[in-house]
Amino acid sequence: MELKAKWMGIPWNWTEEMDSTNEWAKRDAKNGAPSGAVYIADSQTQGKGRIGRRWETPKGSSLALSLLLRPDFEAEHAPMLTLVMGMAACMAIEKITGLTAEIKWPNDVVINKKKTTGILTEMGMSEGKISYVVVGIGINLNMESFPEELAYKATSLKIECGHEINRDEIAAALLFYFEQYYEKFEQTHNLGFLIEEYNNHLVNRGKEVLIKEKDGEYTGISRGINDKGELLVEKKDGNCVEIFSGEVSVRGLYGYV
């Protein structure tokens, strides 16, 4: 079966170098670009991740893709699109490479407990309503090595499966799966349709997590997500809390052991 989206990826915008595909998409959104427009750069000079972090995109090494959407729902639902993209990325990676991909809530995809994918969702508002949403994703495709300070927590699809990955194949599969999920999400405005599939891919599930918040930190056991995309964490006293934002660390991942 050919993995080809119906309307995601029209138009398909590609360039050799860009400051940031998310910034490119946001600029184009202000100029009237349609929902479904995709922006891909071979390299980014100012790629960015969550919480202001940089996302390195060396030439020819990665998929740096941003997707422009113009949803007709309330702004409070937009953050869930990060989870929708995470699930689509897992499906695309598994389909193209045969690898087992897992999700570290809320915005990373990991393989063999190492990060291969990051997601950043940004939104523009006008008169109290969503003007656009940009969902950006970076996937480490063909890096053969990483600097020492990253090697313990980062990997690429090439390292994991032993051969070069075709960027266009991954991009096409990603858009195919995202389109399917997004069309359901537009109807429901929640992740009820995705909970079981998402939780089955959730590397956090059933494991101890460290929750870092403004007021401090605590540990608990991850029990999966709810239909709002919140992470359910069972604390030591047995109470279950819903985590919407904040920094979440997972035992066994990224140096937290």
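**Packing of helices α2 and α5**

In the predicted model, helix α2 crosses helix α5 with right-handed geometry. Helix α2 spans residues 80-97 and helix α5 spans residues 167-188. Two packed helices are described by the angle between their axes and the distance between the axes. For α2 and α5 the angle is about 140 degrees, and the axes lie 8 Å apart. Helix α2 is therefore classed as oblique to α5, since an angle has to be over 145 degrees to count as roughly antiparallel.

On the α2 side, the contact is made by Met80, Leu81, Val84, Met85, Met87, Ala88, Ala89, Met91, Ala92, Ile93, Lys95 and Ile96. The α5 side contributes Glu169, Ile170, Ala173, Leu174, Tyr177, Phe178, Tyr181, Tyr182 and Phe185. By class, 19 of the residues in this contact are nonpolar and two are charged, with no polar residue present.

Ala173, one of the contact residues of α5, has a relative accessibility of 0% and therefore counts as buried. With neighbours within four places in sequence left aside, Ala173 is in contact with Leu3, Ala92 and Ile96. Of these partners, Ala92 and Ile96 belong to the α2 side of the helix contact. Ala173 and Arg27 are separated by 146 residues in sequence, and their C-alpha atoms are 26 Å apart in space.

Five aromatic pairs occur in the structure. One of them joins Phe73 and Phe185 in an edge-to-face arrangement, with a centre-to-centre distance of 5.4 Å and 90 degrees between the planes. The two residues are 112 positions apart and link distant parts of the chain, Phe73 being in the loop between β3 (62-69) and α2, and Phe185 in helix α5. Phe73 counts as buried because its relative accessibility is 8%, below the 20% limit. Phe185 is likewise buried, at 0% relative accessibility, and is among the α5 residues that make the contact with α2. A single aromatic cluster is formed by Trp7, Phe178 and Tyr182; Phe178 and Tyr182 also take part in the helix contact from the α5 side.

The loop between β3 and α2 also holds His77. This histidine has a relative accessible area of 15% and so is buried. Apart from neighbours within four places in sequence, the contacts of His77 are with Phe185 and His189. Phe185 thus has a place in three descriptions: the α2-α5 contact, the aromatic pair with Phe73 and the contact with His77.

Key. Residues are numbered from 1 along each chain as its sequence is written. This is a predicted model: local features need pLDDT of at least 70, side-chain atom pairs count only at pLDDT 80 or more; totals for chains, interfaces and linings use all residues. Side-chain values use heavy atoms; hydrogens and water are left out. Axes are lines fitted to C-alpha atoms, for helices over the stretch in contact, and angles run from 0 to 180 degrees between N-to-C directions. Helices (H or I, at least four residues) and strands (E, at least two) are DSSP runs, numbered from the N terminus. Angles under 35 degrees count as roughly parallel, over 145 as roughly antiparallel, 65 to 115 as roughly perpendicular and the rest as oblique. A crossing is left-handed if the near helix is turned anticlockwise from the far one by less than a right angle, and right-handed if clockwise. Contact means heavy atoms within 4.5 Å. Ala, Val, Leu, Ile, Met, Phe, Trp, Tyr, Cys and Pro count as nonpolar, Asp, Glu, Lys and Arg as charged, and the others, Gly among them, as polar. Rings of Phe, Tyr and Trp (its six-membered ring) pair if their centres lie within 6.5 Å; planes under 30 degrees apart count as stacked, over 60 as edge-to-face and the rest as tilted. Buried means under 20% relative accessible area, exposed over 50%, partly exposed in between (1.4 Å probe, protein chains only).
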